[in-house]
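Colleague: Please take a close look at one helix and its packing. Keep it brisk.

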Amino acid sequence: MDAFVDSAIAFISDNRAWAGVIAFLFALAETLPVFSILIPSTAILFGVGAVVATGTLDFAPLWIGGALGAITGSVFSYWLGWRYGKVMLNLWPLRDHPHLAERATTAFARWGIATILIGHFVGPLRAVVFLMAGISRMNLPLFLAVDLVGAIVWAWAIPKSGEVGGNILHWIWQALMG
């Protein structure tokens with residue numbers, strides 16, 4: 001998986017003009033039930049943030065593309081849950097991981113709408129939280145309002161964390177090398 005992450009980061013670095021579109025696609029995958037489990041989009045966007053620290057990439061396209069992708073994916077997942085309900089939970093790979101649906105249900109019962117915000121940041125929960133919001137018939141305007149905030153903050157925080165980490169490593173390197 002590390003090789004895939006490294007290749008994806010290198011691909012984005014080599015295709016700067018498409019960085020926003022690529023960030024959109026990875027963020028979209030990050031919020032879709034099946035792809036969220038299979039594609040390490042958070043790790044990739046974090047690594048791309050470290051590339052921003054080198055000056056090779058601009059932050060804004062990554063943030064905008066990531067936010068739009070996260071919003072698109074989470075709203076689509078909500079719709080899937082609303083439209084197809086529990087059928088989605090009986091499909092692979094979710095049927096093989098029933099604990100993910102249990103975690104999402106427990107999170108909704110415990111934290112309510114904050115689960116949507118938290119869902120953007122917690123990997124195992126992210127795979128099903130938006131789907132479960134649709135299955136539970138969460139109020140759509142409320143879902144959209146909370147999801148918008150969560151997606152925008154997530155899309156900023158993940159690559160920004162990588163950028164800050166890259167800047168810290170650069171500072172340490174400069175301090176050590178004199």
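Modeller: Contact here means heavy atoms within 4.5 Å. Helices are DSSP runs (H or I, at least four residues), numbered from the N terminus. The model is predicted: local features need pLDDT of at least 70, side-chain atom pairs count only at pLDDT 80 or more, and totals for chains, interfaces and linings use all residues. Residues are numbered from 1 along each chain as its sequence is written, and side-chain values use heavy atoms, with hydrogens and water left out.

Now helix 4. Its buried residues (under 20% relative accessible area, 1.4 Å probe, protein chains only) are S41, I44, L45, G47, V48, G49, V51 and V52. Their cover includes helix 1, helix 2 (19-30), helix 5 (59-84) and helix 11 (140-177).

Take the helix 1 partner. The axes of helix 1 (residues 2-14) and helix 4 (residues 41-53) come within 9 Å and cross at roughly 45 degrees. Axes are lines fitted to C-alpha atoms over the stretch in contact, and angles run from 0 to 180 degrees between N-to-C directions. Helix 1 and helix 4 are therefore oblique to each other; angles under 35 degrees count as roughly parallel, over 145 as roughly antiparallel, 65 to 115 as roughly perpendicular and the rest as oblique. Helix 1 contributes F4, V5, A8, I9, I12 and S13 to the contact; helix 4 contributes A43, I44, G47, V48 and V51.

S13 counts as buried because its relative accessibility is 15%. Leaving out residues up to four places away in sequence, S13 touches V51, T56 and L57. Just after helix 4, G55 has a positive phi of about 90 degrees.

Note on methods: Helices (H or I, at least four residues) and strands (E, at least two) are DSSP runs, numbered from the N terminus. Buried means under 20% relative accessible area, exposed over 50%, partly exposed in between (1.4 Å probe, protein chains only).
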